[in-house]
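Q: Hi! Could you walk me through this structure in plain words?

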Amino acid sequence: MKHKSIDLASEVKRATLPEGLNGFLFPLYEAVSNSFHSIEERWDSEVENRGFIEIEFDSAARQISIADNGVGFDEKNLSAFLTPLTGNKYERGGKGFGRFIAFKIFKEVSYSSRQTNAEGWSSGGSYRYDPFSSEDNLVEVASGAGLDAHRFDTGLTAVMKSPLETSPDFFDFTSEPYQDGKAQDAIAVALVDHFLIEFVQKKVPHAFFLTLQGQRINLHTYFQESLSIGGTRVEHLKIGEGERRFEFNYFKVAETQARKHRLYFYANNRAASDLENISSGVNDKPFYETRDGRVQRYFYLVAVSSDFFVSSQSRDRITNLHAKIEYDGKKKSIKDHLIGLAKQHILEIESSYTAERRAKMVAEVEHLIAIDPLLRRGLGDRSAADFVEKRSITESREQLAQDLFVERFRRKFDFTKLDQHTSVDQLVHLVKTQIPEDAKEALAVYVAYRNHVIRIFRELLKKHDGDLATEDKVHQLVYPRYRDSDEIDYSAHNLWLLDDDLAYAQYISSDRTPEGTHRSKGQYAHDLLINNDNELMVVEMKRPQKKGYSSDGDIVTNDPVDQLKKQISEIRKKGKVTTSAGREIAIPPDTMVRGYVLADWNDSLQNYLAEEDFVITNYGGRMAYRYYTTLNLMLEVVAFDRLVDRASNRNEAFVQMLEGRSTFDRHAKGPLSSPPRSEGETAC
């Protein structure tokens, strides 16, 4: 018995591509990558001087052609080409799948080839490629029948044409994806970015051309002119039982070619991640230097490569970046450690900027202390320079003042005698005796504010009129609509109503799509999305006093379980969410997702959840839950009453502390106390 043939059509359908221009260009990347391999196989160490690659965009014919002077369809490569998922290029990181990606974008792919064997015998031909045919997959056609003969003495020309109706139209060079109509620059930058390692390792021929709208540019020259070498660093991280080597290559990219500091990860000399914005903590503006009498402004592009990286098959994406390890006394993901090291290296390379910025921060600290001498206590026995050295290079004057204020209060508490055996009574006594009166006053103001918010929340659950739907008002109270944590900080929202831990989540988004944008026709926008410590939370709020829930019918809002499942499924497919600032946050398959539906409890909702096979409980208030294995999703439906009661109980702990009481009454207060459980309900 033998394996059945591979279902290529299904494999291509399951494959995913990046969004936007990069997704459209992905078949081109694969074709160019094959050309690099082909010219390297033919020319070896002479590839820079003797290799040739020509890319041509024809907007009228709506096609892209890629021609090289590599080995062409010789016997070995033709055999590999006709073998799906071949291991022919395994050592180069190839998976034998790239040529099929073209059919995610284009209907037609053709080739023309010319090759010469060791005895000087030459052959060639033109072919139409149909990988899904049950008969011939590479069909020879007469030269001139829509495909010209290969133009070089050896090598291959690939032509991709007739874009699918479902693929974006990037042959309109005046369209929105090309800012200011500079399509050639956008495509050139994308190619240089994608093949950065090949440029760095001198595997790109000097004759590497892009022709578009009659204009021809040399991409090798373009790379040399737009980037300059910024340096190289090597770091070793202990992962598991051994150390792994990571190489960082730094390039200075002209301000006209970049708008932020960015980082790539590479696996097997192939771009294997999306761009990471690393400006935060480095410099949100370009660095500058004087070169040839002119001021040059530039951002950094960082390439991180290692044989540790493992990339997935259907799309270049590194799969082992998210394991947590300890390095330099901190436990974070491998990815976060590498990004942190990259930022540190940039500040070392830009030592004059770093020294200048630190000196300015020291002057700001000294000025703050001169204005408010009490802030000096925040320094303790350190100098202003010592204090600044431990802080981010981008901290503002306001952030420095806040840090001094916090440090001042920390130094007034003596918690050094605490250990794991300290009793609750001892903790209460310590807080009562150690927290000074001004801190207690600040806490009292905060507690009063939270109580006021809870009262507003209760009132909103009663109202059903006014200029806005009550759902909008509840949403606005919990978190401002159409904003995310790249735009507002923790003081501008009330996520503590859901859970106090959420106030400091790594990323929070409200009424945005997973792409970080406002919803357009046909798109969904989550009410709230919260990402923190390898756990993603998506919240769907229903209108208070809403009645009518059902999995049947066309009204999406009546089926919140399916609504959330579809949202999570889309995020799973993309494997990421994007912030409003364009920063991409990976959501690996092993990341737990918690989905929450917040609603008023009624018979319709309870019957709907029972039909959806939820476990229903009334322990501490009405709620229901169910786990979906494939999506790695725990979905909970929580009654508004339960939510507001629990927020009230948590706030009561602060009230008791301020009043000097040490016992904690956790029972629900007021008319929203939970009724007894009915028969058939479960306590969890």
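**Salt bridges and rings**

A: Arg216 and Glu54 meet through their side chains in a salt bridge, at 2.8 Å from N to O (a salt bridge is a side-chain nitrogen of Lys or Arg within 4 Å of a carboxyl oxygen of Asp or Glu). Before we go on: this is a predicted model, in which local features need pLDDT of at least 70 and side-chain atom pairs count only at pLDDT 80 or more, while totals for chains, interfaces and linings use all residues. Residues are numbered from 1 along each chain as its sequence is written, and side-chain values use heavy atoms, with hydrogens and water left out.

Q: Where do Arg216 and Glu54 lie?

A: Arg216 is in strand S8 (residues 215-218) and Glu54 is in strand S1 (residues 52-58), so the pair ties together parts that are 162 residues apart in sequence. Helices (H or I, at least four residues) and strands (E, at least two) are DSSP runs, numbered from the N terminus.

Q: And is Glu54 buried or exposed?

A: Glu54 counts as buried, at 6% relative accessibility. Buried means under 20% relative accessible area, exposed means over 50%, and partly exposed is in between (1.4 Å probe, protein chains only).

Q: What else does Arg216 do, say with Phe209?

A: Arg216 lies over the face of Phe209, at 3.7 Å from the ring centre. A charge sits over a ring if NZ of Lys or CZ of Arg is within 6 Å of the ring centre and within 35 degrees of the ring normal. Another case is Lys546, which lies over the face of Tyr549 at 5.3 Å from the ring centre.

Q: Back to salt bridges: how many are there in the whole structure?

A: A search of the whole structure finds 16 salt bridges. One of them joins Arg42 and Asp153, whose closest N and O atoms are 3.2 Å apart. That pair links distant parts of the chain: Arg42 is in helix H2 (residues 20-43), while Asp153 is in the loop between strand S5 (138-141) and strand S6 (155-163), 111 residues apart.

Q: How exposed are Arg42 and Asp153?

A: Arg42 is partly exposed, with a relative accessible area of 27%. Asp153 is partly exposed too, at 47%.

Q: New topic! How many aromatic pairs are there?

A: The search finds 30 aromatic pairs. Rings of Phe, Tyr and Trp (its six-membered ring) pair if their centres lie within 6.5 Å; planes under 30 degrees apart count as stacked, over 60 as edge-to-face and the rest as tilted.

Q: Why is the pair of Phe52 and Phe209 called tilted?

A: Their ring centres are 5.6 Å apart and their planes are at 40°, so the pair is tilted. Phe52 is in strand S1 and Phe209 is in strand S7 (residues 207-212), 157 residues apart, which makes this a link between distant parts of the chain. Phe209 is buried, with a relative accessible area of 15%.

Q: What about Phe223 and Phe251?

A: Those rings have their centres 6.5 Å apart and their planes at 65°, so the pair is edge-to-face. Phe223 lies in helix H7 (residues 219-226) and Phe251 in strand S10 (residues 242-254), so the pair ties together parts 28 residues apart in sequence. Phe223 is buried, and so is Phe251.

Q: Which residues form an aromatic cluster with Phe223 and Phe251?

A: Phe26, Tyr29, Phe36, Phe195, Phe199 and Phe208 are in one aromatic cluster with Phe223 and Phe251.

Q: Last one: how many helices and strands does the chain have?

A: The chain has 17 helices and 26 strands. Buried residues make up 48% of its 684 residues.
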